[in-house]
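Have the viewer open as you read.

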Amino acid sequence: MLQTSFSVKPTKPFALLSCQCQRRCRRHAYGLPAGTRIWLAAGVTDMRSGFNGLAAKVETALADDPFSGHVFIFRGRRGNVVKVLWSTGDGLCLLAKRLERGRFVWPQADSGKVHLTPAQLSMLLEGINWKQPERTWPPLSVL
């Protein structure tokens, strides 16, 4: 009996999905290629939207091409769910994440888009304030 199991590695901006072979092989890895731009869609998005609805929002509201290879992030009204849409060249990928506690930090603007770095995307997906990251303890003096 063949069993397929997937494990999620939360240390990457996008979860690295690996099969039971436990290797980081190309056919099981989804990562961000170099030069990929990350765009956060300001405002509120209907989280019932799927591939087609979010791709249409990228074209109309953000004035961009959903198949450009860039990453587009959308947040729901309550603030605890985000959806990430990106094109891998052979199709669209859609990632949804829900925080059990807390909310995703979002800009105050009602429309437009905000550019994020991969580090800010990692913080956003972990529920950390990416606008002003703060240390949880004061730095130690080494003098």
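Predicted model: local features only at pLDDT ≥ 70, side-chain atom pairs only at ≥ 80, totals over all residues.

Strands β4 and β5 run antiparallel and are joined by 5 bridges.

Zoom out, and you get an open sheet of 5 strands with mixed pairing, ordered β6-β5-β4-β3-β7. The edges belong to β6 and β7; each has a single partner strand, so one side of each lacks a neighbour in the sheet. On average, neighbouring strands are turned by 25° against each other, ignoring direction. Helix α2 lies across β3, β4, β5, β6 and β7, at about 105° to β7.

Here are the residue ranges of some of these elements:

| Element | Residues |
|---|---|
| β3 | 38-41 |
| β4 | 71-75 |
| β5 | 81-87 |
| β6 | 92-98 |
| β7 | 113-116 |
| α2 | 118-125 |

Now for the loop between β6 and β7, which is where A109 sits. Beyond its neighbours within four places in sequence, A109 contacts A42 and G43. G43 is 66 residues away along the chain, yet the C-alpha atoms of A109 and G43 are 6.2 Å apart.

As for rings, K113 lies over the face of W39, 4.5 Å from the ring centre. A search of the whole structure turns up 0 aromatic pairs.

Finally, confidence: the chain averages a pLDDT of 78, and 72% of residues score at least 70. Residues 1-28 have pLDDT below 50, although this stretch makes 42 contacts in the model beyond near neighbours in sequence.

Methods:
Residues numbered from 1 in each chain as written. Heavy atoms only, no water. Helix = DSSP H or I, 4+ residues; strand = E, 2+ residues; numbered from the N terminus. Contact = heavy atoms within 4.5 Å. Phe/Tyr/Trp six-rings, centres within 6.5 Å; stacked < 30°, edge-to-face > 60°. Lys NZ or Arg CZ within 6 Å of the ring centre and 35° of its normal. pLDDT = per-residue confidence, 0-100. Pairing = 2+ DSSP bridges. Axes fitted to C-alpha atoms, helices over the stretch in contact; angles between N-to-C directions.
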